Amino acid sequence: MTSSPRPTAGIVTALATVLALAGCAPGDAAPAAPSSASSTPPGVPSPGDPGAAGRSPGAGPTPEGALVVTDFDADTVTFVAPSRRGDAAGLGSVQVGTAPYGIAVGDDGTAWVATAEGVAVVDTRARERTALIPYATDTGPVATGEYRGGGMGIALSPDGDRVYVGVNVPGGRGVLEIIDAGERKVTGTVPVGRRPFDIDVSGDGRHVYATGHDSFDVTVVDTADRTARRIEVAPYGTEGGLGSWLKPHYTAVRPSDGALLLPFEGERLAVVDPDSGRVRVERMTADTHQHGVAIGRDGTLYVVGTGPIDPSEDDGPSLTVRAPDGRERIIPLQGPHESVVLSSDGRTAYVSGGFTRDGHWDGLSVVDLDTEEVTRLSVGDRPLGMALL
């Protein structure tokens, strides 16, 4: 299937060459997932064990400033101490469920992980899975890969009482499932766009934003009455439909005014007013296919570039650091990456090497934002989503 052209740049001339880097166009149905027992890494209890909820083999308490990353090619999350190097950086893994994608961590240290089987609940201090909440939505057989059914983006309400997870339904519209964090059960569902890569929540908790990758949109859900509004976000248009590479992936909520920021191709930043639905487009400069985003307290935007759609015309993987006034720094990265989170002091960016398509690597890039020095850590099994503890 070919992709739709970009008005300002030449598009793919040899699609087979770039499938490993684009991370957008639909593919064949994902194969059935291996059983949990066959995918259990050494040191993690198998499902038949008394500790099958998944205890970490790492010793000692989880240190402050650690990361927890989802292992998309396994059924685990891995704990990482990024200040350490080599094998010492890994703190062990916890079995959570097939093909974990997004992750959110509350103030109490509880992690909520969107997997193909349900939302896993992990005590990050004890490094132990305490529950697996099944979806209310039928997502088909449990599978692996980018197009598998089940949870993708996930976020918490500001008070931590509710969990919002975007559930992919292969071949159909996605669903936002609402989980009561105390009761640990699904209490409501709202239809959203196709393949909800990302879920975000407004600062006041009144709205949830579901970014629909395959429907070129953001669905705004009112958390009071659970009504939904669709905002099309397609700065290149929707030509090509499911075959287009030029779709939204992840969204950042700007702290100053609540605007939604969605980067496209290192060329265009869609700035969305979620109240009016108006979309304004600003110029970006990285010229690379873009996925994960994070935003600092001061409004600085961090955007992961996964690599070129067309290697003859586009630039390689990078991290864009975009100041609130629009000035950008482009920090080159080695190989595709997916997500980015910031250290608590805002001086370091952690970028996961998992990537939703082929071409991933098993590790994180640690980016010193002052010196732009990049250090690579080998951890995890296609690490995708991340959260800072």
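Analyst: In this predicted model, strand S5 is joined to strand S6 (residues 119–123) by five bridges, and the two run antiparallel. Within that pairing, Ala111 stands opposite Val122 in S6.

Trp112 in S5 is the bridge partner of Ala104. S4 and S5 form a hairpin too, with four residues between the strands, and in this hairpin Gly109 takes a positive phi near 90°.

As for burial, strand S5 (residues 110–114) is mostly covered, with five of its five residues buried; the cut-off for buried is under 20% relative accessible area. In a regular strand, side chains alternate between the two faces of the sheet. In S5, Thr110, Trp112 and Ala114 point one way, while Ala111 and Val113 point the other way, and all of these are buried.

Elsewhere in the model, four strands form an open sheet in the order S16-S17-S18-S19, with antiparallel pairing. Strand S16 (252–253) and strand S19 (279–283) each have a single partner strand, so one side of each is left without a neighbour in the sheet. Inside that order, strand S17 (residues 260–264) is joined to strand S18 (residues 268–272) by five bridges, and Pro263 stands opposite Leu269 in S18.

Notes:
Residues numbered from 1 in each chain as written. Predicted model: local features only at pLDDT ≥ 70, side-chain atom pairs only at ≥ 80, totals over all residues. Heavy atoms only, no water. Pairing = 2+ DSSP bridges. Buried < 20%, exposed > 50% of the residue type's maximum accessible area, 1.4 Å probe, protein only.
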